[in-house]
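Biologist: Hi! Could you walk me through the inside of this protein?
Modeller: Happy to, let's bring it up.

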Amino acid sequence: MVLLILKGTLSLYWLRTHLIPVLWATVVSTLIYMLMQYPYGPVIFPFIIAVFTTIRAGHRLVGWSALAALYIGHVGGRLLLGINEQGVYQILLVGFFFVLLGCVSELFRAHRDRVTASDRTRREAELRQASEERLRIAQELHDVVAHHISLINVQASTALHLADRQPEQAAPALAAIKDASKEALVELRSIVGILRQSDESAPRQPVAGLERLEHLVSRTSMAGLEVHTVIHGESRPLPTGLDRAAFRIIQESLTNVVRHAKATAATVRIQYGEESLVIQIDDNGESLAGPPTDGNGIVGMRERATALGGTLATTRTPVGGLRVVATLPLP
């Protein structure tokens, strides 16, 4: 009797590493103990622990099979051996106990699965948010670098052209290069600060938004592109995300005009509607046949608009230039 109790108890030492073999070992030792008509006692506890751990770990079929095997072996073995001390009431009581043990184990398993699923969902949401944040930062870096490098390139070309013939005219271009590079460094430093998350203090530089449109137009005009702004409707504060997206779409559009369109003028139209903000940028670039092709800049602008539930389309103007129209819904 003592050996059977010790066998079932000591086998629990390997429960974590050899779960199913330990379960069946407790079934055998418990069944032998019962059929030898030893008094009921602690011998059942290793079996209870093994069944509970097995079902809770997700091995439901094995756990219920062990319960059924022990119950059938106990009742059938007594009948075969002619041990008829237990009545129908006692047999049903033992069966009820086994079913109750299985149901309690299932409840703990279900709770464990819910907790695991909740943790997995939370981790997936965190990974998705991190990916979206990385995409947003990548777009910010692309827009900042592309815009300022394009202006610097144009101004540098102008300065080189004038350096020998009209050196006094090269000074404004060099000053523009200095200002553009300084502004680019400030914006890059701000974006890198977000990546580092070194502190929780508010940013000291203004967030890119339509309030900086005049500054953007001034910088672009210094690169030789005449920019006109037309505003329809009453200008009003916008949500930060929408405001930043609108500014970046205009900035990227003007950058594309400076880099690729060979245009001399561009017009930025902003219409404040009741349900949406409509932005249209036209240039008088070279007359081209066919629809415009989408480069990385246009793809990035479309992604910004789509992320806010809006749309962005590109077409040709009547004179052959590029027209960018973004419709951003207002909350």
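Predicted model: local features only at pLDDT ≥ 70, side-chain atom pairs only at ≥ 80, totals over all residues.

Biologist: Great. Which residues in the largest nonpolar core touch the most other members?
Modeller: Those are Leu210, Ile250, Leu254 and Leu277, in a core of 37 residues.

Biologist: And which elements give two or more residues to this core?
Modeller: Both helices and strands do, including helix 7 (213-222), strand 2 (265-272) and strand 3 (276-283). Helix 8 contributes the most, with nine residues.

Biologist: What does Ile250 touch?
Modeller: Leaving out residues up to four places away in sequence, Ile250 touches Leu210, Leu213, Leu216, Val268, Ile270, Ile279 and Ile281. Another core lies apart from the largest one; that other core has 18 residues, among them Ile44 and Leu67.

Biologist: Switching topic: how many aromatic pairs are in the whole structure?
Modeller: The search finds four. In one of them, the ring centres of Tyr71 and Phe98 are 6.0 Å apart with planes at 65°, so that pair is edge-to-face.

Biologist: Where do Tyr71 and Phe98 lie?
Modeller: Tyr71 is in helix 4 (residues 60-81) and Phe98 is in helix 5, so the pair ties together parts 27 residues apart in sequence.

Biologist: Is Phe98 buried or exposed?
Modeller: Phe98 counts as buried, at 6% relative accessibility, while Tyr71 is partly exposed at 23%.

Biologist: What about Phe97 and Phe98?
Modeller: Their ring centres are 5.9 Å apart and their planes are at 55°, so this pair is tilted. Phe97 is partly exposed, with a relative accessible area of 35%.

Biologist: Which residues form the aromatic cluster?
Modeller: Phe47, Tyr71, Phe97 and Phe98 form one cluster together.

Technical notes
Residues numbered from 1 in each chain as written. Heavy atoms only, no water. Core = buried A, V, L, I, M, F, W, Y, C linked by side-chain atoms within 4.5 Å. Buried < 20%, exposed > 50% of the residue type's maximum accessible area, 1.4 Å probe, protein only. Helix = DSSP H or I, 4+ residues; strand = E, 2+ residues; numbered from the N terminus. Contact = heavy atoms within 4.5 Å. Phe/Tyr/Trp six-rings, centres within 6.5 Å; stacked < 30°, edge-to-face > 60°.
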